[in-house]
Amino acid sequence: MEITEIKNIHLAAGKASSKKEWKLTDSLRGKITALAKEDAAQNVYMGNQFLALRKSEVAKVAPDRAALMGKVNHSMANMKQIEEADRRWLCLLFGEPYEAEFQSGGGVHVYDENGDEILTYTAGVGWHEKESRAETEVHGAVLVNTEGLDK
């Protein structure tokens, strides 16, 4: 798809940015180890309790994508106004730390404050979520603590 025009806007979401601090505490490490041992004893790789724990930990650093989608959808409905506004006005309107690029043809890319693309919208396909660096780091930290655990 050829990009003929890109508009940037900044979006404020209800949830704080993915710069939130996350730490693998000794308590959490203990829960992960216990769940991994329980799962290994049952010959299960990443059981439901472990997956729920990992999901809840990742959610602590994840951006509020639903709020971002709502703001972008609203912005797309008002594209004529966006095209007439300059970047400073858009920053005041939507705030930090998220930025969206609108492409001709209806494509939208939403980036977090690190420059990571966390959402993409394509006409005819819809929204696609992409994992942020912070989310990837939490996934990795949680999984590393399950490696090498035997029955």
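Predicted model: local features only at pLDDT ≥ 70, side-chain atom pairs only at ≥ 80, totals over all residues.
This is a short talk about how one protein chain is put together.

Okay, hi everyone. The protein chain has six helices and five strands. Reading from the N terminus, the order is β-α-α-α-α-α-β-β-β-β-α. Out of 151 residues, 37% count as buried. And if you take the contacts with a separation of 6 or more, 67% of them come from residues 24 or more positions apart.

So, what's on the inside? In soluble globular proteins, nonpolar side chains tend to be buried together. Here, the largest nonpolar core has 11 residues, including L24, L28, F50, V58 and V138. Which helices each supply at least two residues of this core? They are α1, α2 and α6, spanning 26-41, 48-59 and 133-144. There's also another core, apart from that one, with 10 residues, and Y98, A100, F102 and V108 are among them.

Skipping its neighbours within four places in sequence, L24 is in contact with R29, I32, A141 and N145.

Now let's move to α1 and α2. Their axes come within 9 Å and cross at roughly 155°. Angles over 145 degrees count as roughly antiparallel, so that's what α1 is to α2. The crossing is left-handed, by the way.

Who's touching whom? From α1 we have L28, K31, I32, L35, E38 and D39, and from α2 we have Q49, F50, L53 and E57. Sort the residues of that contact by type and you get five nonpolar, one polar and four charged.

That's me done, thanks!

Technical notes. Residues numbered from 1 in each chain as written. Heavy atoms only, no water. Core = buried A, V, L, I, M, F, W, Y, C linked by side-chain atoms within 4.5 Å. Buried < 20%, exposed > 50% of the residue type's maximum accessible area, 1.4 Å probe, protein only. Helix = DSSP H or I, 4+ residues; strand = E, 2+ residues; numbered from the N terminus. Contact = heavy atoms within 4.5 Å. Axes fitted to C-alpha atoms, helices over the stretch in contact; angles between N-to-C directions. Parallel < 35°, antiparallel > 145°, perpendicular 65-115°, else oblique. Left-handed = near helix turned anticlockwise from the far one by under 90°. Nonpolar A, V, L, I, M, F, W, Y, C, P; charged D, E, K, R; others polar.
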